[in-house]
Amino acid sequence: MRKILFIDDEANILRSLKRLFRNLEYECYYADGINEAIKIYLSLDFIDMLVTDIKMPNFDGIRLLKVFKEASPRTIRVALSGYASVDSITEAVSKNLAKQYFYKPWNNDEIISSIRKMFSLEDEFEQVDLFDKVQNFENVKTLPRLFDRINMLIQKDKSIEEICVIIEEDLAITSNILRLANSAFYQAKTGNLQQAVMYIGLNNLKQIILSYEISQMKEALIKSGESIWKHAARTNNIFYDLYEKYYKKKVPSIVGTAGLIHDIGKIIMLQIFENAYSTEVLQQDISDGQITVLERSLFKIDHAVVGGYFLNWWAFPMELIEVCMYHHRPLDEHIIHKELVAIVTLSTFIEKKEYEILGSSFLGALDILKIDLDYLKPIIEKYENE
Amino acid sequence: MGLSNWVWAKEQSHRLSESRVETGFFEYCVQLETIFGIFDKSGDLVVSNKAFDDLINKHSAWKAHLKKEILLMRNLGKKEALLEFVLECDPQSFDPQSCEPKAYEPVEFEPKAYEPVEFEPKAYEPVEFESKEHALREQRFNILLKEQLVEDETLFMCQIEEVTEAHNLENLILDMNYQLTQKIKEINQAQIKILNQEKLVGIGQLAAGVAHEINNPLGFVKSNFKILDEYFREITKLLITLKNEFVTFQSTCESADISKEMANFFEQVEHTVANSDYDYIIDDYESLFQDTSVGLERVEKIVNGLRKFSRMDHMTNFAKYNINEGLEETLMIANNEIKYDAKVIKDMQYVPLTYAIVGEINQVLLNILINAVHAIKERGKNFKGIIKVTTRSDEKYVYCEIMDNGMGIKKEDQERIFTPFFTTKEVGLGTGLGMSIAYDIITNKHGGEISFISEYGMGTTFKIKIPIRKVDADTVDEYLNI
């Protein structure tokens, strides 16, 4: 049975969680503070999930997350917070500390269902673990050095100026990243890194850097990957327009690169399977929906799972992992953030101009958002000509 | 005081002896710097010191003026007079001869008492004012005339002091004082604006803290309540099962077979069930649960709305703003004020996002709404108040109108609506700052327009227009300087 550890300094909260998880398929533990939590952790061989409050007067939930991230990186970390201020969430997100956020007051059914879905995602990733033996896989995992370095700097609360200076040490990376940033966030007319951070946020910049580093892994493959990037950057722009139209508010920074990274699995597969992937998959003129089928037949795995797996490995938030995993099957029952995934699905279709096909995933996405093709028309027209 | 300092008026020969001139007689004249002279009772000069003599001879007007003043004193029986004398000169050619004496009008000057304010003094920029011009063109003198009996003769002592510079400085100081007072007024207004801003930020922080405090207990109350529901259903299921078992058992027992204890037992159970509130509880349960759930939901919504409304970054940063959303949030916050007096009608069309300082626009909307409610309250208890909220947009602007059928604004008050501190409310009910701050926010900070039409006895409609900006963060500063 999977083990979940709940941590909150308020006994009432712990008791209510206990009541909630009483008869479920998990072994649950409850701690009222960091000491108790560590005691429990040490007494068990492994904790599958950690659910903790963030702002607690006697100790810092953030600190707790940091400790567990180091001590047990494979434990899924979830934040349950009553203090849903922008600051505390931003800190936890930018430091890649929690995969998912729940807010107090929570909905009993939603929390249970989300936790179940997170575990089922872990199950899906197990199939990728079989590939662990493949040399290139390990390389990809350890590849994003700059990304790791930036994460460390952020953990140490370094200032944005300092971080930018470090990135700027490499001019090639800097100019490429800026180019990517400007094309993926089309209202950005940024000329330098600091401006880029001010406009799109450090988080998004970090994710761009990661994507870039992956694509540069093998020099020979850079060209093949370019079409993927172009598609990704444009998709990001479309994603922004559609998101803002749908929700009538701006895209929150936690999902700022949803359009950009949705196909990162393809870049990764390119690095892993090299020319085979390039000729057999990328150069084929087939629709997006058919690609995963082809991939599975050739490589026994598809880019959605690969992308999701690695984003998970790099501790990306749940929203982005799901976008990667499910953008071509938006109706999957395991999705927590259904609407977000649907928006990305539609964005990719618009980018590829494949809306004519009206495939099941396209229609499914429209269904989830409760909109029709007419709703998309203005956006379609806008990007038709660009 | 040597004799060489003294000049006898050549035309006069006088019986005042030289010795008299020297000693004691001239007790007023102490320093050589004084301009001093002695006149006889006809106003003619007898003797003076050199300085006096020089001065008098510079302009023909002197002798005549002094003579006139002395004769006036004699007529009025005045023993002493302190006069001001002004000579206006042509600035082009400062020719003493061309100076014309200005008719002098004495002015009562009361320096206004002012309370010093702690502030950073800005470098004073001197302003052109009239007296500066005059400084070039006029000379000012103080004249002291005193009647003195000397050896049975009435003489007039005359002491002249040039005060041109002092006078100009005085004017300068008066002017500076005026400028200062104006600046202080401006600073006070600015200070109030800042206080208002800080107050809002402070309230925002407080609200965020309160929201958090509420979210925790609300968290476990909400969760527990749902669990309670499950518990109740479990228990009810059990009860129903037991009840059915009992009934079944009872019916299977032959009346002859049952013992006395058994019969008692049956009777007791029936009695207990009959007397319990069981049926009522089962019946009412759904409604009780539903009501409480709805109540909890409302609390959650209000706390969320409050938290959103007072977000810190909403107070200061430009961000993408949807006015319909802002209106909904503000209406929710103000609901408690509005609901007893007015009905709200919404006519909100789709509006695009525009860059704005979210908290500030919401504040403007809140001010207008509260004012609308007060206007409606003026109509009296049973009046059916209506507040209509409309939003529209075109390519350039987002428009919002808030109309109320309250008392309206009197014609004579209308032009002062946006003036700071103007209010028709009683002391203590309003600072009169809401609309002036609203004006500042909409026009200065956002480049929009705020206006109203109102008829007393009919109602008021406020109109706001905000330009649709799609600027990125870097050009926001540029934009603010437009």
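A salt bridge is a side-chain nitrogen of Lys or Arg within 4 Å of a carboxyl oxygen of Asp or Glu. The structure is a predicted model, in which local features need pLDDT of at least 70 and side-chain atom pairs count only at pLDDT 80 or more, while totals for chains, interfaces and linings use all residues. Side-chain values use heavy atoms, with hydrogens and water left out.

Over all chains, the whole structure holds 29 salt bridges. Three of these pairs are listed here.

| Pair | Closest N to O distance |
|---|---|
| Glu147(B) and Lys79(B) | 3.1 Å |
| Lys465(B) and Glu449(B) | 3.7 Å |

In chain A, Asp332(A) is buried, at 15% relative accessibility, and Arg329(A) is partly exposed, at 26%. Here buried means under 20% relative accessible area, exposed over 50%, and partly exposed in between (1.4 Å probe, protein chains only). A network of salt bridges also links Asp8(A), Asp53(A) and Lys104(A).

In chain B, Glu147(B) forms a salt bridge with Lys79(B). Glu147(B) belongs to strand 6 (residues 138–150) and Lys79(B) to the loop between helix 3 (61–76) and strand 4 (80–88), so the pair ties together parts that are 68 residues apart in sequence. Helices (H or I, at least four residues) and strands (E, at least two) are DSSP runs, numbered from the N terminus. Glu147(B) is partly exposed, with a relative accessible area of 23%, whereas Lys79(B) is exposed, at 53%.

Elsewhere in chain B, Asn49(B) sits in strand 3 (residues 45–49) and is buried, at 6% relative accessibility.

Notes:
Residues are numbered from 1 along each chain as its sequence is written. Chains are lettered from A and ligands numbered from 1 in the order in which they are written.
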